[in-house]
Amino acid sequence: MRLRIPVNVLDSPNLCTFSLPSTHSDGPLQIGITTSGKGCKLATRIRREIASLLPPDFGSAVERLGTIRRRIWEEDHRSYQTLEDHTAVPENEDDDVAAQKPTFNQLVSESDHAAAKTRRIRWLSQICEYWPLRRLASITDADIDTILQSYNTMSSSTIAIPSAPPLDISALEIRARPQPSIILAGSGPGSPSLLTLATHRAILTATVILADKLVPSAILDLIPRRTPLHIARKFPGNAEAAQNELLTMGLEALQNGHTVLRLKQGDPYIYGRGSEEFAWFEERGYRPIVLPGITSALSAPLFAQVPATSRGVSDQVLICTGTGRKGKAPEPPVYNDSMTVVFLMALHRIGELVESLVAHPAPSLPENDGQIGVRGGGWPKDTPCAVVERASCSDQRVIRSTLQFVVQAVEAEGSRPPGLLVLGKACEVLKGRGGARWVVEEGFNGFDGLEGVVGLYSGGGNMREMSTERTGGAGNV
């Protein structure tokens, strides 16, 4: 201390005469955060959090505001000198000369100049204090010239301050608005409680929303009334036309400056054509923002008490589609008794799907190549399966059966889209059929016990077994 040498000792704040802050630098903008040696990692995080709240390239805005401040000072100085020159009386001037200027008898004091200068600096201080940062960040060099030109319109004898704002604030607001953007977002399996925070915010802030037909009404109810909503008009034979219609509407909205939300069921990249739409919009100059959603391929089995994997039962999961391009049936997977298979978009043609699974020819592979379980050939008719419809919604329904009777069960119970088919031994790990051909479980109670959590919906559930009269045969198989 006597030699006035600054000292900083690592992890010993008591021995330090100064601390090194965590800094954020953006041109003239410098932000430093220090915890006085109590937690350098915490200081770094606080600095990141603060910097993330600033508009991009905000240092340039600080530079421009500094330019305005400096040039106001320069203009004030020139104006004051001009005023002194106009009001000064030459030593040899005759008081009787008739051609004296009108300002000869005008009282000029230092307070006049100070008041004008104060008004200018006050205006600059007010915009720095009260304007949103995004508006300040939108100020350009042309705006600086406009501001300063408004102060150059003063007369030679007075210092005038324009009564109207030197900048068109409405123009700044338009410039500060978010640029047109397209968001591809997944709405999850159905319950609003399972939306991600990012997707929920996108729903509230989008100016145009294009939704899939299968997005549940509970999700659509979250959309503000002022936001235009268009639901895809997809039906068999019209899927491609409806898809092209949505893409065209999205592009037109982007060209008109909107924030477009393309709302999809589940996850946009799990049989949601998300990658196709991403490429389509990117080719036209709009790179989409993709927000993931909880896919029903994994959450629906969970809500039906079907673990996708379980040690000693299922060591792999396969997600398939029951409907290929242009409505064609895809190639079914070969049998593997240690695999859980989830079929999306399959219930409308479940009869064909089950027939192809059971009749699938055996590949040229050994039945057991060292892996757990047996592989190859068609699926046995007694393979457990479950149909899960409207997962996580209050009217969720689960039909537990086998490949032998699942088609008959769906025909008897009717369809409740959206739904999926889960296939494999994992379907009976936690809950079985009790020997019945099929069992139907109504309602959703997956959030029971969480009623205190804001936004969670809890619906009752009940289970009923099909009697021999309802199934058309013996109750046990």
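Biologist: Which residue takes a positive phi just after α10?
Modeller: G285 does, with a phi of about 95°. This is a predicted model, where local features need pLDDT of at least 70 and side-chain atom pairs count only at pLDDT 80 or more, though totals for chains, interfaces and linings use all residues. Residues are numbered from 1 along each chain as its sequence is written, and side-chain values use heavy atoms, leaving out hydrogens and water.

Biologist: Which residues of α10 are buried?
Modeller: In α10, residues 274-283, they are G274, E277, F278 and F281, where buried means under 20% relative accessible area and exposed over 50%, with partly exposed in between (1.4 Å probe, protein chains only). Helices are DSSP runs of H or I with at least four residues, and strands are runs of E with at least two, numbered from the N terminus.

Biologist: Why do they line one face?
Modeller: Seen down the axis of α10, they fall within an arc of 105°, so they line one face of the helix; the arc is taken from the directions from the helix axis to the C-beta atoms. The exposed S275 and E283 sit on the face turned away from that buried side.

Biologist: And what do the buried ones pack against?
Modeller: They pack against β3 (181-186), α9 (239-255), β6 (259-264) and β7 (289-291), with contact meaning heavy atoms within 4.5 Å.

Biologist: Switching to α13, which residues are buried there?
Modeller: V406, A409, V410 and E413 are buried, and they fall within an arc of 95° seen down the axis of α13, so they too line one face of their helix. Just after α13, G414 takes a positive phi of about 85°.
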